[in-house]
Amino acid sequence: MSKISGAHIIVESLKKEGVEVIFGYPGGAVIPIFDVLYSTPEINLILTRHEQAAVHAADGYARSTGKAGVAIVTSGPGATNTVTGLATANFDSVPVVCIAGQVPTSMIGIDAFQEADTTGLTNPVTKHNYLVHDVNELAMTMKNSFYIAKSGRPGPVVIDIPKNVTLEKTEFHYDEKINIRGYKPHLDGHQNQLKKAIQLIEHAKKPLIIVGGGSIISNACEEVREIINKCDIPVTATLNGLGCVEYDSPYFLGMHGMHGTIAANKAIQECDLLIALGSRFDDRATGKLATFAPKAKIIHIDIDTASISKNVTVDVPVVGDLKRVMKQMSPMVKEKKHSEWMERINELKAMTHEIPKNQSRITSFEVFEVINDLIPQETIVATDVGQHQMWTALYYKFKFPRTLLTSGGLGTMGYGFPAAIGAQFANPEKPVICITGDGSFQMNIQELATAVIHKLPIIILVMNNGYLGMVRQWQELFNERRYSATCLMYCEKNPQECQGNEDDCLILIPDFIKVAQAYCAKGVRVKTLDELKKAVTEAIHYTDGPMIIDIITERTENVWPMVPGGASLDEMLKGGRVI
Amino acid sequence: MKYILSLIVENKHGVLAKVSQVITSRGYNIGTLTAGPCENKDTSRMIITFNCDEKIIEQITKQISKLIDVIKVSLIDHNEKVERELVLLRAARKKDTEASLFRVIEIFDGRIVHVTPKSFVIELTGHVEKVDGFIENIRPYGIQDLLRTGPIALTRFVN
């Protein structure tokens with residue numbers, strides 16, 4: 001068998017894994033790999049404008065498809081720039097394989113140009129990482145990396161490859177079998193645990209299901225919907241669980257947690273059995289732990305043993321892949337009705353918070369009324385982080401799994417737009433929109449170049465209120481309106497003297513329409529609902545590239561309801577008043 | 001409560017860093033850590049001790065088990081273990097106390113492994129409590145240097 005270089009082995013391995021698109025940024029240490037990719041038509045190499053965006057794009061590609069997303073970056077700063085992207089993917093269990101160049105093995109440790117301890121830096125933000133010392137280990141390492149990234153609780157894997165390893169030659173064997181002795185994910189639920197769970201479900205009078213991101217990751221949504229209908233159990237979602245159950249299901253209560261719906265949070269506090277499916281009881285979702293679901297027994301089904309009883313102590317843990325566990329449970333559960341409880345649920349669902357409308361500027365709810373009316377339901381929605389993200393969770397009508405891409409755990413501003421780019425490459429036939437804010441969008445705005453060059457018809461909805469709105473909201477509620485560094489407008493006065501009179505301010509820093517023009521993208525600014533409707537309609541039909549819709553929104557609208565940090569889920573605020 | 005975790009890990013680059021990082025990044029403290037090769041050259045064993053409550057040791061065990069390079073993690077049962085620690089210490093050599101120092105070393109079954117006109121280097125192995133007791137008894141003679149390995153432990157029976 002003839003020998004091929006490490007760079008060829010990497011690319012051949014990518015082909016074996018069925019990789020069609022990779023996102024990357026070149027540099028000295030990865031020139032040999034990029035050279036091979038140059039003559040590999042099977043793999044579409046997409047140049048992003050920043051390594052962080054390359055990883056977010058791979059993440060968006062992965063979340064919207066369930067396949068592994070792949071990024072490739074150079075050594076040193078190329079690798080350090082991926083850390084935020086990797087941490088984002090790690091937190092939300094997204095399969096990403098990131099290939100990082102490294103200085104030659106002979107130069108590791110001498111503080112060489114563009115040298116960084118990539119494995120050391122990425123240890124805490126990846127599921128696993130490798131430093132490949134020997135070209136003979138390369139193929140197996142590639143194989144293992146894809147397997148580790150995709151299986152069990154998925155996550156990012158970094159492969160740090162010194163330049164000399166990409167140049168050295170060896171024979172290429174791609175073993176189909178995987179044997180990693182320290183890594184054997186448990187897939188099936190333990191029968192005894194399942195029996196205990198079924199017993200609790202049968203005896204419950206007020207059961208409630210929480211669907212987390214795990215339900216979507218394991219493609220268990222169909223099975224989950226079946227059990228909900230069969231057993232007449234209402235359901236609430238975590239942020240990353242949105243889309244698992246359709247918004248218009250009579251059982252669906254919306255998201256719970258800090259900015260959850262009244263119905264979902266009250267139902268958690270009232271239920272007598274809580275069944276958590278692929279959710280890790282994040283503090284933003286549970287509120288004060290001591291008073292979380294005080295009347296409930298808890299069943300927790302998750303593939304990650306370490307997620308069980310980490311925050312909330314549970315009565316019946318079941319470790320396994322959710323889809324398989326649901327399939328095991330399906331024949332074991334009996335059909336049931338909880339009429340009284342469902343009546344109460346409907347009462348709770350009728351309790352809605354106040355929604356501002358008809359203000360001098362467009363409000364959040366109005367934005368989503370237009371979006372829900374005009375955007376097709378199979379649209380993939382990427383968000384950034386902040387108020388617009390919570391409004392998306394509250395108001396957007398999610399019908400299908402894998403239609404929401406959002407940084408739930410790490411809360412990474414700048415995630416949305418590159419994730420939308422990744423998703424659009426993976427789903428060329430589907431509409432992709434990015435809902436963002438004027439703060440978040442600027443954190444990866446350079447990717448307009450990538451989207452324009454590849455003619456990606458992404459609709460970018462910037463909810464522009466001139467503030468870092470979520471932090472501003474906290475400052476208003478909890479810091480005596482001391483708006484420290486949250487106004488994004490240009491002000492010639494000392495910020496402390498600002499009365500919030502925007503007539504004195506040049507509000508458009510930056511002017512997103514001019515930014516769009518600079519990148520040869522389309523951009524429209526809208527100030528009224530009619531303008532918004534017109535712009536969204538136009539954007540849907542515009543397929544030549546991205547279109548920015550700069551929506552001038554209410555400056556000081558807050559996200560309601562809100563459970564203040566450290567409070568119980570039923571202590572919700574609405575303009576300072578407990579609901 | 002004191003816990004001893006026994007790990008069998010891949011004998012590879014970076015594994016010790018991964019193990020210690022997963023512990024410290026979650027805010028837990030390592031009591032002692034020893035590492036060395038196993039009966040097979042491609043695996044190593046680590047013995048890590050913790051002083052913590054039950055909930056934390058459970059989380060630590062789970063988090064360590066998640067590491068791909070960790071093949072096996074077991075919590076060593078206090079009643080079912082053979083445990084040893086090695087201590088090396090340098091004690092001052094004084095004419096008037098030399099005889100009684102020798103007696104202490106003899107009682108604890110320690111050994112003098114190096115002698116200079118001004119000091120002795122003494123070694124002792126035993127379970128942790130014995131090492132503690134030995135050090136307490138040597139302290140009055142003047143300890144100049146002290147080094148403990150931390151315990152290593154095996155279960156009495158194959159499990």
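This is a predicted model: local features need pLDDT of at least 70, side-chain atom pairs count only at pLDDT 80 or more; totals for chains, interfaces and linings use all residues.
Contact here means heavy atoms within 4.5 Å. Among the contacts in chain B with a separation of 6 or more, 75% join residues 24 or more positions apart.

Chain B has 159 residues, and 41% of them count as buried. Its secondary structure comprises 4 helices and 9 strands. Along the sequence they follow the order β-α-β-β-α-β-β-α-β-β-α-β-β. The C-alpha atoms occupy a box of roughly 55 × 35 × 30 Å along the principal axes.

Domain 1 covers 2-76, and domain 2 covers 82-155. Their C-alpha centres are 28 Å apart. The two domains of chain B also touch: 9 residues of domain 1 are in contact with 8 residues of domain 2.

Now the surface of chain B. One nonpolar patch on the surface brings together Leu86(B), Leu88(B), Val113(B) and Leu147(B). Together these four residues have about 300 Å² of accessible area. Leu147(B) sits in strand β8 of chain B, which spans residues 143-148. Its relative accessibility is 54%, so Leu147(B) counts as exposed; the cut-off for that label is over 50%.

Thr436(A) belongs to strand β17, residues 432-437 of chain A. Thr436(A) counts as buried because its relative accessibility is 0%. Its side chain makes a polar contact with the side chain of Asp384(A), at 2.7 Å. Beyond its neighbours within four places in sequence, Thr436(A) is in contact with several residues. Among them are Asp384(A), His388(A) and Phe441(A). The run Ile460(A), Leu461(A), Val462(A) and Met463(A) also contacts Thr436(A).

Asp384(A) leads on to a glycine. Gly416(A) is in contact with Asp384(A), and also with Ala382(A), Thr383(A) and Cys434(A), leaving aside neighbours within four places in sequence. Gly416(A) lies in helix α18 of chain A, residues 416-426. With a relative accessible area of 0%, Gly416(A) is therefore buried. Val385(A) is 31 residues from Gly416(A) in sequence, yet their C-alpha atoms are 8.0 Å apart in space.

How values were computed. Residues are numbered from 1 along each chain as its sequence is written. Chains are lettered from A and ligands numbered from 1 in the order in which they are written. Side-chain values use heavy atoms; hydrogens and water are left out. Patches are made of residues with over 30% relative accessible area and no salt bridge: like charges are joined within 9 Å, nonpolar side chains (Val, Leu, Ile, Met, Phe, Trp, Tyr) within 5 Å. Accessible areas come from the Shrake-Rupley method with a 1.4 Å probe; for residues, only the protein chains shown count as cover. A salt bridge is a side-chain nitrogen of Lys or Arg within 4 Å of a carboxyl oxygen of Asp or Glu. Helices (H or I, at least four residues) and strands (E, at least two) are DSSP runs, numbered from the N terminus. Buried means under 20% relative accessible area, exposed over 50%, partly exposed in between (1.4 Å probe, protein chains only). A polar contact is a pair of N or O atoms within 3.5 Å; within protein, one must be able to donate a hydrogen and the other to accept it, and residues adjacent in sequence count only if both atoms are side-chain atoms. Domain bounds come from an automatic or database domain assignment.
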